[in-house]
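I opened my notebook today to look through a structure step by step. Here is what I had on the screen.

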Amino acid sequence: MSTAIEVSHLRKEFRLKTAIKDISFSVEAGTVFSLLGVNGAGKTTTIRILTGLSRPTAGDAVILGHSISRELDLVKKISNLSPQETSVASNLTVRENLEFIAGIYGMNKAKTEENTNRMIALFSLEEVEKSKAKILSGGWQRKLSIAMALITEPKILYLDEPTLGLDVLARKELWNIIEKIKEQVTIVLTTHYMEEAERLSDRIAVMVSGEIQAVGTPEELKAQTGTDTLEDAFIKIAERGNVVCGH
Amino acid sequence: MRALIFSKRTWKEIMRDPLSYIFCLGFPVVMLFIMTAVNKNIPEEAGMHLFEIQSLAPGIAVFGLSFVMLFACIQVSKDRSTAFLLRLYVSPMKPSDFISGYTLPMLWTAFLQEIITFFVSIMIGFTADVSFQPIRLILCLAALIPAGLLFIGFGLLFGSLLSEKAAPGICSVVISVVCFLGGIWMDVDSLGGTLAKICHVLPFYHAVHAARIVLSGDFGDAGTSIFVLLLYSVLIFLLAAFVLREKIQKDLR
C-alpha cells in the first residue's frame with residue numbers, strides 16, 4: 001500500500017496560541033484516517049493546512065507527491081473538503097450546487113452531467129434534486145455538502161466532523177455512505193464521536209492540545225491503554241496528554 | 001471560465017431573491033411614477049424642472065444603481081459569513097475569479113435596471129408629450145457605465161470589510177447621501193456655499209449631472225463630470241478589488 005499523505009513536523013502558531021506543535025503522521029492510500037480530539041485539539045487546523053486554507057508556520061505535508069508549501073495548486077486539484085459547517089449555495093437547487101462545483105473544477109458539460117447523476121444516485125438525492133438547498137434539513141444539506149466535495153473526483157477527501165449535529169438516523173445513513181465511498185478515495189476524518197471513529201477508521205490519531213499523543217488502529221489504541229473501549233482508550237490518552245502538556 | 005461559472009451562480013442567487021425585484025427593479029419604477037405625480041402638482045410659476053421626466057429619469061437611474069451597491073454588498077458579506085467560501089477557497093479558484101464573478105452579474109443587473117427605468121420613462125414621456133432621442137438615450141446609458149462600476153465597487157468594498165449585519169446599514173447611509181448630495185431630489189447647483197462644494201467633490205453629483213446633460217443633448221460641461229466620475233469609479237473599484245483580494249488572502253493565512 002502506498003502513502004497518500006506524509007505530514008512532517010507541521011506547526012501552526014497564531015498570535016496568542018500555538019494550535020499545532022510539530023506533528024508528523026502518514027496516511028496510506030485507500031484508507032480512512034481519523035483525527036480524534038476534544039475541542040481546540042488542533043484537528044480542524046490540521047485539515048485547514050492540508051487543504052491550503054491555512055499556511056503552516058513550519059513543516060510541510062506531501063499529498064500524493066505534491067508539497068502543500070510549493071505545489072498547492074496541484075494539491076487543490078486532487079483533494080477536496082467537506083467543511084464542518086454546511087457549505088452550500090442556498091438559493092441554488094441540489095442539482096445546480098453539484099453542477100456548479102463540477103464546473104469550478106473544470107469539468108466539461110458531459111462529465112458534469114455524468115458525475116452529477118452519479119452523486120445524486122450515490123447519496124439518494126433524487127427526491128430533493130430540484131429543491132433549493134436552503135429548504136433542506138440538516139441531514140440532507142450535509143449529504144449534499146459531502147457530494148459536492150466528492151463530485152470533483154478527489155484522490156483525498158477531508159471530512160471535518162461530517163455528522164456533527166445530526167440525529168442518529170441521519171448519522172447512520174452518512175456512515176453507510178462513507179463506507180461506500182472509502183473504496184474510491186483516501187479519507188481524512190475529524191470527529192468527536194468514538195463510535196463513528198471506531199466504525200469508519202482504519203487508523204486513528206488522538207490529538208491533545210496541538211500534539212498527536214497516539215496513532216494506531218482502534219484495536220491497537222485499546223491494547224496500548226489496556227482498555228476495552230475506544231472511548232476509555234481516548235480518555236486515558238487525552239488525560240495523559242493533558243498531564244504532559246501541563247493542563 | 002471559473003469566473004463565468006461563479007458569476008452565473010451569483011446571478012442565480014440575486015434573481016432568486018424577491019428583494020432584488022422589489023429594490024433593484026421595482027423601487028426605481030415606483031419612484032418614477034410617484035415623482036411624476038408630484039411634478040404634476042408643482043405650479044408652473046415655481047420654475048421647478050427637476051421632476052420633469054427628462055430630468056427625473058437620469059436621476060432615478062443613478063438612484064437605482066445605488067441599490068445595486070446594496071445587493072453587491074449583501075451578496076459578498078453573506079458569502080463571507082457562511083462556510084460556502086471555504087469550499088471555494090480549497091478549489092482552484094483565484095482571487096481574480098471571485099472579483100469578476102461578483103462584478104459581472106452586478107453589471108448585468110445594473111444594465112437591466114437602466115433599460116427598465118428608461119423604458120418606463122419613455123412611456124411616461126408619451127403621456128406628457130415628451131420624447132427621448134434614441135441616440136441620446138444610448139449615450140446616457142454609456143455615461144452611466146462608470147456610475148455602475150462606482151456603485152458595484154462600493155458594494156464589493158463594504159461587503160468585504162463589514163459583516164452581514166453592518167454592511168446594509170452603511171449602504172443605506174450611502175444611498176441617503178446619493179439622494180441628497182447627488183442632486184436627485186434637489187437642485188444642487190442653486191444651493192451654493194459649502195454644501196454645494198461638498199456635492200461637487202463627491203462623485204454622486206457628477207454621476208447624475210453627466211447623465212442629465214447627455215440626455216438633454218447639451219453636452220456643455222459633461223466632460224468634466226464624466227472625468228471626475230471615471231476617476232472615482234476606477235479608484236473605488238481598484239480599492240474594492242484590492243480589499244477583497246486581501247480579505248481572501250487573509251482568510252487563507
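Predicted model: local features only at pLDDT ≥ 70, side-chain atom pairs only at ≥ 80, totals over all residues.

Entry 1: I looked up the strand order and found an open sheet of four strands in chain A, running E2-E1-E4-E5, with antiparallel pairing. Next I asked which strands stand at the edges. They are E2 (18-28) and E5 (66-67) of chain A; each has a single partner strand, so one side of each has no neighbour in the sheet. A reminder to myself: strands of a sheet pair through backbone hydrogen bonds, either parallel or antiparallel.

**Entry 2: one pair up close.** I picked strand E4 (residues 58-63) of chain A and its partner E5(A), which are joined in the antiparallel sense over two bridges. I then looked for the bridge partner of A:Ile63 in E5(A), and it is A:His66. Helix H1 (residues 43-50) of chain A packs on this sheet, where it touches E1 (3-13), E2 and E4 of chain A. The direction of H1(A) makes about 65° with that of E2(A).

**Entry 3: where the chains meet.** How many residues are in contact between chains A and B? I found 23 residues of chain A in contact with 20 residues of chain B. On the chain A side, helix H2 (72-78), strand E6 (79-82) and helix H3 (94-104) are the elements that give two or more residues. Sorted by class, that side of chain A has 10 nonpolar, eight polar and five charged residues.

Entry 4: I checked helix H3 (residues 53-81) of chain B for its span. Its 29 residues should span 42 Å at 1.5 Å a residue, and the end C-alpha atoms are 41 Å apart, which agrees. H3(B) is mostly covered, with 26 of its 29 residues buried. Helix H10 (residues 203-216) of chain B has 14 residues and reaches 20 Å from first C-alpha to last, close to the expected 20 Å. H10(B) is mostly covered too, since 12 of its 14 residues are buried; among them are B:Pro203, B:Phe204 and B:Leu215. After H10(B) comes B:Gly217, with a positive phi near 85°.

**Entry 5: a residue for contrast.** I went to B:Val30, in helix H2 (residues 18-40) of chain B. Is B:Val30 buried or exposed? B:Val30 is exposed, because 12 other C-beta atoms lie within 10 Å, and 12 or fewer counts as exposed. From B:Val30 to B:Pro203 I noted 173 residues in sequence and 25 Å in space, C-alpha to C-alpha.

Key:
Residues numbered from 1 in each chain as written. Chains lettered and ligands numbered in written order. Pairing = 2+ DSSP bridges. Contact = placed C-beta atoms within 7 Å. Axes fitted to C-alpha atoms, helices over the stretch in contact; angles between N-to-C directions. Expected span 1.5 Å × (residues − 1). Buried ≥ 20, exposed ≤ 12 C-beta atoms within 10 Å, placed from the backbone. Nonpolar A, V, L, I, M, F, W, Y, C, P; charged D, E, K, R; others polar.
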